[in-house]
Structure formats: C-alpha cells, structure tokens
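Biologist: Please show me the model, and let us then examine the terms used to describe it.

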Amino acid sequence: MAAKPHPPLMKKHSQTDLISRLKTRKILGVGGEDDDGEVHRSKISQMLGNEMKFAVREPVGLRVWILISAVMFTVMALMALAFPNHLSEVVFEEELSTTGVSIRLYGGALLSISLIMWNGLYTAEKVIIQWTLLTEACYFSVQFLVMTVTLVEIGSASNAAIFLLLSRVLFLVVTLAYYYHLGRRPKKI
C-alpha cells in the first residue's frame with residue numbers, strides 16, 4: 001500500500017481572515033467600548049474586568065513609611081516583652097506603680113500590630129494598605145491620649161515623654177496623610 005501524498009496546504013488570504021476575525025469579535029462583543037468607555041481585548045478580560053482599575057497609585061514613600069513603621073513596632077514590642085521595667089523608666093524617668101505584666105501585654109499588642117504592618121508592606125491591595133494605615137493611626141491616637149492622661153496624673157513631664165508625645169502627633173499626621181492620599185480617586189486621563 002502506497003501512502004497517498006497529502007494535498008498542499010491552502011493558505012488563507014489575510015484579508016478574509018481579518019474580516020472573519022472582526023465578525024467573530026463583533027459577535028462576542030469585544031473590541032468595542034463598553035459603558036465605562038473601556039475597550040476589552042478578549043471576552044475573558046471583559047468578564048473578569050480590567051485589572052488596571054484596581055491598580056493602586058501609591059503615594060511617594062508609602063512603602064518606606066510602612067517599612068519604618070513595621071520596624072518601629074517590632075522593636076518597641078520586643079523591648080516591651082523583654083525589658084518591661086526599663087521601657088517605663090526611659091519614658092517616665094521614674095518607677096511607676098505598673099507591673100511588668102501590663103507592659104508585656106502592651107508588647108504583645110504591639111507585636112500584633114507589627115505583624116499587620118509587615119503584611120501591609122508586602123501586599124498590593126489598596127484596601128489592605130488602607131486598613132493597615134488606619135490601624136496605625138488609631139494606635140497613635142490612643143497612645144497620645146493615654147500618655148497625655150498619664151502625664152497629667154503624674155503632674156510632671158520628662159523630656160523623653162514630651163518627645164514621645166510630639167513624635168506620636170507627627171507619626172499620626174504622616175499616617176493620616178498617606179491614608180487620605182491613598183483613598184482619593186485617581187483622575188481619569
């Protein structure tokens with residue numbers, strides 16, 4: 001049995017191929033503009049949505065700020081867990097009636113916040129970054145209020161305590177600025 005030779009391959013004309021492709025795209029409903037003015041290249045991107053909508057335009061220095069915050073929270077947490085009495089002496093310059101257990105609990109809470117900060121550093125989702133910044137802002141606000149009340153109860157403020165209060169206000173302002181800038185809607189180009 002002799003094998004029959006295959007017939008030569010027929011090439012399509014590029015003009016008819018283009019017309020059939022355009023007809024197929026029109027039937028599928030891709031290639032034209034949708035209600036939002038976006039042009040989808042495929043049915044899959046039309047169904048799933050355009051990823052560019054969800055891309056976050058990060059403010060300059062946001063990742064650096066989150067890194068600094070994560071390191072700061074981690075260091076403070078480890079200091080509070082390992083050396084609770086030393087931490088209170090540095091801030092208030094005297095021995096308070098607080099126990100080491102309460103400062104260690106504070107260290108545990110700081111460690112939890114630092115884990116949130118480390119997670120916020122490595123994510124690309126805008127909502128997670130916003131919640132991370134909001135958590136940080138809430139912490140700075142509460143710490144400022146607690147420190148102020150404590151200093152009023154004691155009746156004297158050391159230089160370290162005043163520096164801590166001013167730094168918390170500065171950190172709160174920077175965090176809220178990033179939170180506000182990240183929450184704004186981008187301008188359409």
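Biologist: How do you know which parts of the chain have the lowest and highest confidence?

Modeller: The model is predicted, and the mean pLDDT of the chain is 78, with 67% of its residues at 70 or more. Confidence is lowest in helix α2 (residues 43–48), at a mean of 58, whereas α3 has the highest, at 92. Where pLDDT is low, the predicted coordinates should not be read in detail.

Biologist: Why are α5 and α6 called roughly antiparallel to each other?

Modeller: Their axes cross at roughly 150 degrees and come within 9 Å. Angles over 145 degrees count as roughly antiparallel, and α5 and α6 are therefore described in that way. The crossing of α5 and α6 is left-handed.

Biologist: What makes the contact between α5 and α6?

Modeller: From α5 come Y106, L110, I113, I116, M117, N119 and G120, and from α6 come I128, I129, T132, T135, E136, Y139 and Q143.

Biologist: What makes up the largest nonpolar core?

Modeller: That core has 17 residues, and those with the most contacts inside it are L62, I66, F73, M117, I129, L133 and Y139. Two or more residues each come from α3 (62–82), α5 (100–121), α6 (126–154) and α7 (159–183). The most are given by α3, with 6 residues.

Biologist: Which residues does I129 touch, leaving aside its neighbours within four places in sequence?

Modeller: I129 is in contact with E58, L62, R63, I66, G120, T123 and L182.

Biologist: Which residues does the second core include?

Modeller: That separate core has 5 residues, among them L151, A161, L164 and L165.

Technical notes:
Residues numbered from 1 in each chain as written. Predicted model: local features only at pLDDT ≥ 70, side-chain atom pairs only at ≥ 80, totals over all residues. Heavy atoms only, no water. Core = buried A, V, L, I, M, F, W, Y, C linked by side-chain atoms within 4.5 Å. Buried < 20%, exposed > 50% of the residue type's maximum accessible area, 1.4 Å probe, protein only. Helix = DSSP H or I, 4+ residues; strand = E, 2+ residues; numbered from the N terminus. Contact = heavy atoms within 4.5 Å. pLDDT = per-residue confidence, 0-100. Axes fitted to C-alpha atoms, helices over the stretch in contact; angles between N-to-C directions. Parallel < 35°, antiparallel > 145°, perpendicular 65-115°, else oblique. Left-handed = near helix turned anticlockwise from the far one by under 90°.
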